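Below are my notes on what I looked up, in the order I went.

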Amino acid sequence: MEVIIRPTADAASDLVAALVAKELRARPDLVLGLATGRTMEGVYAKLATRHRDDGLDFSRCETFNLDEYIGLPGSDPRSYRHYMDTHLFDKVNVIPALTHLPNGVAADLGAESRRYEGLIKEAGGIDLQLLGLGEAGHIGFNEPLSALRSRTREKALTPTTRRQNAAMFGGKLDDVPKRAITMGVGTILESKRCLLLATGSSKAAILAKAVEGPITSMITASALQLHPRCTVIVDEAAARSLKGKKYYRWIFDNEPEWGKYREEL
Ligand code: GLP
(Lines give C-alpha, C1' and ligand atoms only; values in the text may rest on other atoms or scores of the structure.)
Protein backbone atom coordinates (compact mmCIF):
# COMPACT_ATOMS: atom_id res chain seq x y z
CA MET A 1 0.00 0.00 0.00
CA GLU A 2 1.15 3.53 -0.60
CA VAL A 3 -0.40 6.76 0.63
CA ILE A 4 -0.30 9.95 -1.40
CA ILE A 5 -1.17 13.22 0.31
CA ARG A 6 -2.38 16.12 -1.84
CA PRO A 7 -3.00 19.61 -0.49
CA THR A 8 -6.75 19.78 -1.19
CA ALA A 9 -9.70 17.56 -2.08
CA ASP A 10 -9.62 19.03 -5.58
CA ALA A 11 -5.95 18.14 -6.04
CA ALA A 12 -6.58 14.62 -4.69
CA SER A 13 -9.47 14.14 -7.18
CA ASP A 14 -7.26 15.49 -9.96
CA LEU A 15 -4.67 12.81 -9.25
CA VAL A 16 -7.30 10.03 -9.20
CA ALA A 17 -8.72 11.24 -12.54
CA ALA A 18 -5.19 11.43 -14.00
CA LEU A 19 -4.47 7.86 -12.92
CA VAL A 20 -7.73 6.56 -14.41
CA ALA A 21 -7.00 8.44 -17.66
CA LYS A 22 -3.49 6.99 -17.83
CA GLU A 23 -4.76 3.41 -17.37
CA LEU A 24 -7.56 3.95 -19.89
CA ARG A 25 -5.15 5.29 -22.51
CA ALA A 26 -2.78 2.37 -21.93
CA ARG A 27 -5.66 -0.11 -22.16
CA PRO A 28 -8.81 1.18 -23.92
CA ASP A 29 -10.78 -1.97 -22.96
CA LEU A 30 -10.06 -1.35 -19.28
CA VAL A 31 -12.42 -3.04 -16.80
CA LEU A 32 -13.05 -0.21 -14.37
CA GLY A 33 -14.57 -0.66 -10.91
CA LEU A 34 -16.51 2.39 -9.75
CA ALA A 35 -17.67 3.79 -6.42
CA THR A 36 -20.41 6.25 -5.52
CA GLY A 37 -20.62 8.86 -2.75
CA ARG A 38 -19.92 12.56 -2.56
CA THR A 39 -16.14 12.08 -2.59
CA MET A 40 -16.25 10.62 -6.10
CA GLU A 41 -18.30 13.42 -7.64
CA GLY A 42 -15.18 15.52 -8.25
CA VAL A 43 -13.38 12.62 -9.91
CA TYR A 44 -16.27 11.96 -12.28
CA ALA A 45 -16.55 15.65 -13.16
CA LYS A 46 -12.86 15.67 -14.03
CA LEU A 47 -13.14 12.51 -16.13
CA ALA A 48 -16.09 14.05 -18.01
CA THR A 49 -13.95 17.14 -18.68
CA ARG A 50 -11.06 14.98 -19.91
CA HIS A 51 -13.49 13.24 -22.28
CA ARG A 52 -14.91 16.53 -23.57
CA ASP A 53 -11.63 18.46 -23.87
CA ASP A 54 -8.99 15.79 -24.51
CA GLY A 55 -11.10 13.05 -26.13
CA LEU A 56 -10.54 10.53 -23.32
CA ASP A 57 -12.24 7.49 -24.85
CA PHE A 58 -14.56 5.26 -22.82
CA SER A 59 -16.08 3.44 -25.82
CA ARG A 60 -14.38 0.11 -25.08
CA CYS A 61 -14.35 0.43 -21.32
CA GLU A 62 -16.53 -1.89 -19.20
CA THR A 63 -17.55 -0.75 -15.73
CA PHE A 64 -18.68 -2.48 -12.53
CA ASN A 65 -20.00 -0.53 -9.57
CA LEU A 66 -19.41 -1.68 -6.03
CA ASP A 67 -22.95 -1.59 -4.76
CA GLU A 68 -26.62 -0.63 -5.00
CA TYR A 69 -29.43 -0.08 -2.51
CA ILE A 70 -31.98 -2.85 -2.25
CA GLY A 71 -35.46 -1.74 -3.23
CA LEU A 72 -34.49 1.19 -5.44
CA PRO A 73 -34.93 0.73 -9.20
CA GLY A 74 -32.41 2.44 -11.50
CA SER A 75 -35.07 5.01 -12.38
CA ASP A 76 -35.15 6.23 -8.76
CA PRO A 77 -33.07 9.43 -8.48
CA ARG A 78 -31.58 8.16 -5.21
CA SER A 79 -30.31 4.91 -6.72
CA TYR A 80 -26.62 4.47 -7.45
CA ARG A 81 -27.52 3.69 -11.09
CA HIS A 82 -29.03 7.15 -11.34
CA TYR A 83 -25.98 8.66 -9.59
CA MET A 84 -23.64 7.01 -12.11
CA ASP A 85 -25.73 8.05 -15.13
CA THR A 86 -25.86 11.64 -13.92
CA HIS A 87 -22.27 12.07 -12.78
CA LEU A 88 -20.43 10.05 -15.40
CA PHE A 89 -22.13 7.74 -17.88
CA ASP A 90 -24.30 10.40 -19.59
CA LYS A 91 -21.26 12.67 -19.94
CA VAL A 92 -18.81 10.28 -21.60
CA ASN A 93 -18.99 7.84 -24.52
CA VAL A 94 -19.26 4.65 -22.48
CA ILE A 95 -21.61 2.05 -23.97
CA PRO A 96 -24.58 1.78 -21.56
CA ALA A 97 -24.75 -2.04 -21.93
CA LEU A 98 -21.16 -2.22 -20.66
CA THR A 99 -21.97 -0.37 -17.42
CA HIS A 100 -22.96 -2.72 -14.63
CA LEU A 101 -24.42 -2.23 -11.17
CA PRO A 102 -26.06 -4.89 -9.02
CA ASN A 103 -29.83 -4.92 -9.54
CA GLY A 104 -31.31 -3.79 -6.24
CA VAL A 105 -34.82 -4.85 -7.24
CA ALA A 106 -34.00 -8.39 -8.39
CA ALA A 107 -36.56 -10.94 -7.19
CA ASP A 108 -33.80 -13.31 -6.08
CA LEU A 109 -30.93 -11.32 -4.57
CA GLY A 110 -28.76 -14.41 -4.05
CA ALA A 111 -29.03 -15.26 -7.74
CA GLU A 112 -28.37 -11.62 -8.65
CA SER A 113 -25.21 -11.64 -6.51
CA ARG A 114 -23.93 -14.77 -8.25
CA ARG A 115 -24.80 -13.29 -11.65
CA TYR A 116 -22.80 -10.16 -10.81
CA GLU A 117 -19.76 -12.17 -9.74
CA GLY A 118 -20.09 -14.16 -12.98
CA LEU A 119 -20.17 -10.98 -15.07
CA ILE A 120 -16.96 -9.72 -13.44
CA LYS A 121 -15.29 -13.05 -14.11
CA GLU A 122 -16.46 -13.08 -17.76
CA ALA A 123 -14.98 -9.60 -18.21
CA GLY A 124 -11.62 -11.01 -17.07
CA GLY A 125 -11.71 -9.38 -13.61
CA ILE A 126 -11.47 -5.73 -12.61
CA ASP A 127 -8.31 -3.93 -13.72
CA LEU A 128 -8.70 -0.79 -11.63
CA GLN A 129 -11.13 -0.42 -8.73
CA LEU A 130 -12.01 3.03 -7.34
CA LEU A 131 -13.00 3.09 -3.68
CA GLY A 132 -14.37 5.64 -1.25
CA LEU A 133 -14.26 5.25 2.51
CA GLY A 134 -17.39 5.00 4.61
CA GLU A 135 -17.41 6.54 8.07
CA ALA A 136 -17.85 3.02 9.46
CA GLY A 137 -14.56 2.13 7.75
CA HIS A 138 -16.26 0.25 4.97
CA ILE A 139 -15.44 -0.20 1.31
CA GLY A 140 -18.47 -0.75 -0.90
CA PHE A 141 -21.14 -1.57 1.66
CA ASN A 142 -18.95 -4.06 3.52
CA GLU A 143 -20.05 -3.05 6.95
CA PRO A 144 -18.21 -4.02 10.16
CA LEU A 145 -17.73 -7.78 10.57
CA SER A 146 -17.98 -8.43 6.83
CA ALA A 147 -15.81 -11.47 6.15
CA LEU A 148 -12.56 -10.46 4.54
CA ARG A 149 -13.19 -13.21 1.97
CA SER A 150 -16.81 -12.19 1.31
CA ARG A 151 -18.26 -12.12 -2.21
CA THR A 152 -21.08 -10.05 -3.71
CA ARG A 153 -24.12 -10.41 -1.45
CA GLU A 154 -26.90 -8.71 0.45
CA LYS A 155 -25.80 -6.69 3.49
CA ALA A 156 -27.68 -4.86 6.26
CA LEU A 157 -26.50 -1.27 6.67
CA THR A 158 -25.33 0.12 10.02
CA PRO A 159 -27.02 3.17 11.57
CA THR A 160 -23.73 5.11 11.00
CA THR A 161 -23.83 4.41 7.27
CA ARG A 162 -27.52 5.20 6.97
CA ARG A 163 -26.98 8.51 8.79
CA GLN A 164 -23.95 9.30 6.59
CA ASN A 165 -26.02 8.78 3.45
CA ALA A 166 -29.25 10.40 4.68
CA ALA A 167 -28.40 13.69 2.93
CA MET A 168 -29.05 11.94 -0.41
CA PHE A 169 -32.54 11.09 0.88
CA GLY A 170 -33.51 14.65 1.73
CA GLY A 171 -32.11 14.18 5.25
CA LYS A 172 -34.87 11.64 6.02
CA LEU A 173 -33.17 8.76 7.82
CA ASP A 174 -36.31 6.60 7.56
CA ASP A 175 -36.14 6.79 3.77
CA VAL A 176 -32.58 5.40 3.58
CA PRO A 177 -32.81 1.71 2.61
CA LYS A 178 -31.80 -0.72 5.34
CA ARG A 179 -30.09 -3.15 2.99
CA ALA A 180 -27.80 -3.09 -0.01
CA ILE A 181 -26.19 -5.49 -2.42
CA THR A 182 -22.42 -5.08 -2.49
CA MET A 183 -19.29 -6.62 -3.92
CA GLY A 184 -17.54 -8.49 -1.13
CA VAL A 185 -14.17 -7.65 0.38
CA GLY A 186 -12.81 -10.77 -1.36
CA THR A 187 -14.22 -9.56 -4.69
CA ILE A 188 -12.58 -6.15 -4.24
CA LEU A 189 -9.23 -7.65 -3.25
CA GLU A 190 -9.13 -9.58 -6.54
CA SER A 191 -9.02 -6.33 -8.55
CA LYS A 192 -5.63 -5.87 -10.15
CA ARG A 193 -5.23 -2.36 -8.77
CA CYS A 194 -7.16 -0.45 -6.07
CA LEU A 195 -7.35 3.32 -5.68
CA LEU A 196 -8.98 4.61 -2.51
CA LEU A 197 -9.87 8.29 -2.28
CA ALA A 198 -10.71 9.88 1.08
CA THR A 199 -11.05 13.61 1.68
CA GLY A 200 -12.15 15.88 4.51
CA SER A 201 -11.62 15.85 8.25
CA SER A 202 -14.61 13.56 8.90
CA LYS A 203 -12.56 10.70 7.40
CA ALA A 204 -9.29 11.40 9.30
CA ALA A 205 -9.78 9.09 12.28
CA ILE A 206 -11.17 6.12 10.36
CA LEU A 207 -8.58 6.52 7.59
CA ALA A 208 -5.71 6.31 10.10
CA LYS A 209 -7.21 3.11 11.53
CA ALA A 210 -7.75 1.60 8.07
CA VAL A 211 -4.23 2.40 6.82
CA GLU A 212 -2.03 2.18 9.90
CA GLY A 213 -4.08 0.04 12.26
CA PRO A 214 -4.46 -3.73 12.45
CA ILE A 215 -6.33 -5.60 9.73
CA THR A 216 -9.80 -6.26 11.07
CA SER A 217 -13.22 -7.10 9.71
CA MET A 218 -14.52 -4.29 11.94
CA ILE A 219 -12.92 -1.86 9.46
CA THR A 220 -13.12 -3.54 6.09
CA ALA A 221 -10.94 -0.90 4.37
CA SER A 222 -8.05 -2.26 6.48
CA ALA A 223 -8.17 -5.41 4.29
CA LEU A 224 -6.62 -3.27 1.54
CA GLN A 225 -3.32 -3.67 3.42
CA LEU A 226 -3.34 -7.19 1.95
CA HIS A 227 -3.64 -5.93 -1.62
CA PRO A 228 -0.42 -6.03 -3.66
CA ARG A 229 -1.20 -2.81 -5.54
CA CYS A 230 -3.28 -0.36 -3.56
CA THR A 231 -2.84 3.41 -3.63
CA VAL A 232 -4.61 5.56 -1.05
CA ILE A 233 -5.01 9.17 -2.13
CA VAL A 234 -6.02 11.72 0.49
CA ASP A 235 -6.13 15.45 1.10
CA GLU A 236 -4.40 17.14 4.06
CA ALA A 237 -7.62 17.16 6.10
CA ALA A 238 -8.13 13.39 5.82
CA ALA A 239 -4.40 12.79 6.42
CA ARG A 240 -4.45 14.66 9.74
CA SER A 241 -4.21 11.60 12.02
CA LEU A 242 -1.71 9.57 9.97
CA LYS A 243 1.53 8.84 11.82
CA GLY A 244 3.69 8.25 8.73
CA LYS A 245 2.93 11.51 6.90
CA LYS A 246 6.56 12.49 6.45
CA TYR A 247 7.39 9.24 4.71
CA TYR A 248 4.23 9.32 2.54
CA ARG A 249 5.09 12.86 1.40
CA TRP A 250 8.57 11.72 0.50
CA ILE A 251 7.13 8.97 -1.73
CA PHE A 252 5.17 11.41 -3.90
CA ASP A 253 8.05 13.89 -4.05
CA ASN A 254 10.76 11.36 -4.93
CA GLU A 255 9.54 8.06 -6.35
CA PRO A 256 9.99 7.95 -10.16
CA GLU A 257 6.44 6.58 -10.70
CA TRP A 258 4.98 9.87 -9.46
CA GLY A 259 7.32 12.13 -11.44
CA LYS A 260 4.93 12.48 -14.39
CA TYR A 261 2.13 13.56 -12.04
CA ARG A 262 4.34 16.00 -10.11
CA GLU A 263 4.83 17.82 -13.41
CA GLU A 264 1.32 17.42 -14.81
CA LEU A 265 -0.71 18.47 -11.76
C1 GLP B 1 -21.30 4.76 0.71
C2 GLP B 1 -20.92 3.91 -0.48
C3 GLP B 1 -19.44 3.78 -0.57
C4 GLP B 1 -18.80 5.14 -0.46
C5 GLP B 1 -19.07 5.72 0.87
C6 GLP B 1 -18.40 7.10 1.08
O7 GLP B 1 -21.37 4.01 1.87
N8 GLP B 1 -21.50 2.62 -0.48
O9 GLP B 1 -19.13 3.14 -1.78
O10 GLP B 1 -17.44 5.01 -0.65
O11 GLP B 1 -20.46 5.87 0.97
O12 GLP B 1 -19.29 8.11 0.77
P13 GLP B 1 -18.93 9.65 0.70
O14 GLP B 1 -17.98 9.80 -0.41
O15 GLP B 1 -20.23 10.34 0.42
O16 GLP B 1 -18.34 10.01 2.01
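**Notes on rings and a proline**

Started with helix α3: Y80 and Y83 sit three residues apart in it, so about one helical turn separates them. (Helices are DSSP runs of H or I, at least four residues, and strands are runs of E, at least two, numbered from the N terminus.)

I'm working on a predicted model, where local features need pLDDT of at least 70, side-chain atom pairs count only at pLDDT 80 or more, and totals for chains, interfaces and linings use all residues. Residues are numbered from 1 along each chain as its sequence is written, and side-chain values use heavy atoms, leaving out hydrogens and water.

Next I looked up aromatic pairs and got 10. (Rings of Phe, Tyr and Trp, the last by its six-membered ring, pair if their centres lie within 6.5 Å; planes under 30 degrees apart are stacked, over 60 edge-to-face, the rest tilted.) Y44 and Y83 have ring centres 6.3 Å apart and planes at 75°, so I noted them as edge-to-face. This pair links distant parts of the chain, with Y44 in helix α2 (residues 38-54) and Y83 in helix α3 (residues 80-87), 39 residues apart.

Buried or exposed, I wondered about Y44? Y44 is buried at 0% relative accessibility (buried means under 20% relative accessible area, exposed over 50%, partly exposed in between, with a 1.4 Å probe and protein chains only). Y83 is buried too, at 11%.

Last, I checked P177, in the loop between α5 (159-164) and β8 (179-182). P177 is buried at 10%. Its C-alpha atom is 8.2 Å from that of L72, 105 residues away along the chain.
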